[in-house]
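The structure is shown first.

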Amino acid sequence: MSIAFPVVRMRRLRRHAAIRDLVRETTVTPDDLIYPIFVEEGIESPAPVNSMPGVVRIPEKNLTQEIKAIQSDGIKAVMLFGVSHAKDAIGGDALKSEGLLSRMTKRAKDAAPELVIISDICFCEYTDHGHCGVVEGGHVHNDQTINNLGRQAVVAAKAGADMVAPSAMMDGQVAAIREALDDAGCIDTPIMAYASKFASAFYGPFRAAAGCDLKGDRKAYQMDPMNGREALREAMLDEAEGADILMVKPGMPYLDVLARLRDITLLPLAAYQVSGEYAMIKFAAQAGALDEKRIVQETLGAFKRAGADLILTYFARDVVRS
Ligand code: PBG
């Protein structure tokens, strides 16, 4: 017979705050956090994102001072998203060494050389139709797009990106990017793969924030939210293609995927608490229904508990400040 009550009393370790601290299994520190930011060209002042209270699109010309402020708050890594005014059918601006992606990456790196600068590698911010790559016959053309993703990753790395994060959900994108980076001499630039990325309604506010409205949806390339095993296959393939870090996205509704992935890979894992998750917490807190600070700690702790090493969250700056 196993030991049970009254010999076992779980409450013994909960009575004293410092004992609770001693036995705590999971903690979140600024070292774990990546802060995503939006950088818009051609605007004069910060543009608030109405669906994400507290988030603004930073004018490109203010980026230097903003990056310095973000770093001095204690943020160690940022993910840059460009809000383009030069969109075309293939997202060509992101392939140019003088395009927004390249300019903002350079500017961020120059402003804070110690800060980890991560580039989102995808075309939806730079295409006029809003899809993540080259559209042909009503579908995103996989193989043309991965070729372009490789070129885009090289543009980012040459501009100073410390890491690239492909999010287009094209087959073979990690291998194509690794090869392009290596051919360009960027052998030490790591790839954080958006490996298990679902076609989620939780990205709604992001599309307004990044100015990438889409006619249609991304169900032909992002994953069906109902599929768990497939998410593990996606991640395993990205590992085999050379990914250095695997990401699950969105975060909270997909903790099962994160936990299962933790059991089958030795790579670092990232969780992305996406725009819709941020909006739910912010608006609920604004309405007085939730305690924002405690909710944020609890959700970030849940990512770590489920197996994440890194967390991308729009709350990162609030967390490091407090
Ligand atoms: C680009 C990209 C998206 C997000 C991150 N990278 C949008 C999408 O896939 O539709 C969403 C991030 C968020 O919602 O916070 N492909």
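This is a predicted model: local features need pLDDT of at least 70, side-chain atom pairs count only at pLDDT 80 or more; totals for chains, interfaces and linings use all residues.

Leaving aside residues up to four places away in sequence, phenylalanine 283 touches Asn50, Ser51 and Pro53. Arginine 11 lies 272 residues from phenylalanine 283 along the chain, and the C-alpha atoms of these two residues are 35 Å apart.

Glycine 288 is located in the loop that runs between helix 9 and helix 10 (292–306). With a relative accessibility of 62%, glycine 288 counts as exposed. Between glycine 288 and threonine 64 there are 35 Å from C-alpha to C-alpha, at a sequence separation of 224 residues.

## Glutamate 25

The loop between helix 1 (17–23) and strand 1 contains glutamate 25. This residue counts as exposed, at 78% relative accessibility. Glutamate 25 and lysine 304 are 279 residues apart along the chain, while their C-alpha atoms are separated by 9.7 Å.

## Aromatic pairs

A pair of aromatic rings is described by the distance of the centres and the angle of the planes. The structure contains nine aromatic pairs. In one of them, the ring centres of phenylalanine 38 and tyrosine 314 are 6.1 Å apart and the planes meet at 5°; the pair is therefore stacked, as the angle is under the 30 degrees that define this class. Phenylalanine 38 is part of strand 1 (residues 33–40), whereas tyrosine 314 sits in the loop between strand 12 (310–313) and helix 11 (316–321), so the pair ties together parts 276 residues apart in sequence. Phenylalanine 38 is buried at 1% relative accessibility, and tyrosine 314 is buried with a relative accessible area of 4%.

Phenylalanine 81 and phenylalanine 206 form an edge-to-face pair, with 5.0 Å from centre to centre and 80° between the planes. Here phenylalanine 81 comes from strand 4 (residues 77–83) and phenylalanine 206 from helix 6 (residues 204–209), so this pair ties together parts that are 125 residues apart in sequence. Both phenylalanine 81 and phenylalanine 206 are buried. One aromatic cluster is formed by Phe38, Phe81, Tyr194, Phe206, Tyr272, Tyr278, Tyr314 and Phe315.

## Backbone geometry

Most residues other than glycine have a negative phi, and most peptide bonds are trans. The peptide bond between phenylalanine 5 and proline 6 is cis, with omega at about 10°; proline 6 is found in the segment before helix 1. A cis bond also leads from lysine 249 to proline 250, where omega is near -5°. Proline 250 is in the loop between strand 10 (245–249) and helix 8 (255–264).

Methionine 169 is not a glycine, yet it has a positive phi of about 60°. Methionine 169 is placed in the loop between strand 8 (163–166) and helix 5 (173–183). At 7% relative accessibility, methionine 169 counts as buried, because this value is under the 20% limit.

## Overall fold and dimensions

The chain has eleven helices and twelve strands. Along the principal axes, the C-alpha atoms fill a box of roughly 70 × 40 × 40 Å. Among contacts between residues at least 6 apart in sequence, 75% join residues at least 24 apart.

## Surface and charge

Of the 322 residues, 53% count as buried. The accessible surface of the chain amounts to about 14900 Å², and carbon and sulfur atoms account for 52% of this area. The side chains include 37 positive and 43 negative ones, and the centres of the two sets are 9 Å apart.

Terms used:
Residues are numbered from 1 along each chain as its sequence is written. Side-chain values use heavy atoms; hydrogens and water are left out. Helices (H or I, at least four residues) and strands (E, at least two) are DSSP runs, numbered from the N terminus. Buried means under 20% relative accessible area, exposed over 50%, partly exposed in between (1.4 Å probe, protein chains only). Contact means heavy atoms within 4.5 Å. Accessible areas come from the Shrake-Rupley method with a 1.4 Å probe; for residues, only the protein chains shown count as cover. Lys and Arg count as positive and Asp and Glu as negative; His and the chain ends are not counted. The place of a charge is taken as NZ of Lys, CZ of Arg, CG of Asp or CD of Glu. Rings of Phe, Tyr and Trp (its six-membered ring) pair if their centres lie within 6.5 Å; planes under 30 degrees apart count as stacked, over 60 as edge-to-face and the rest as tilted.
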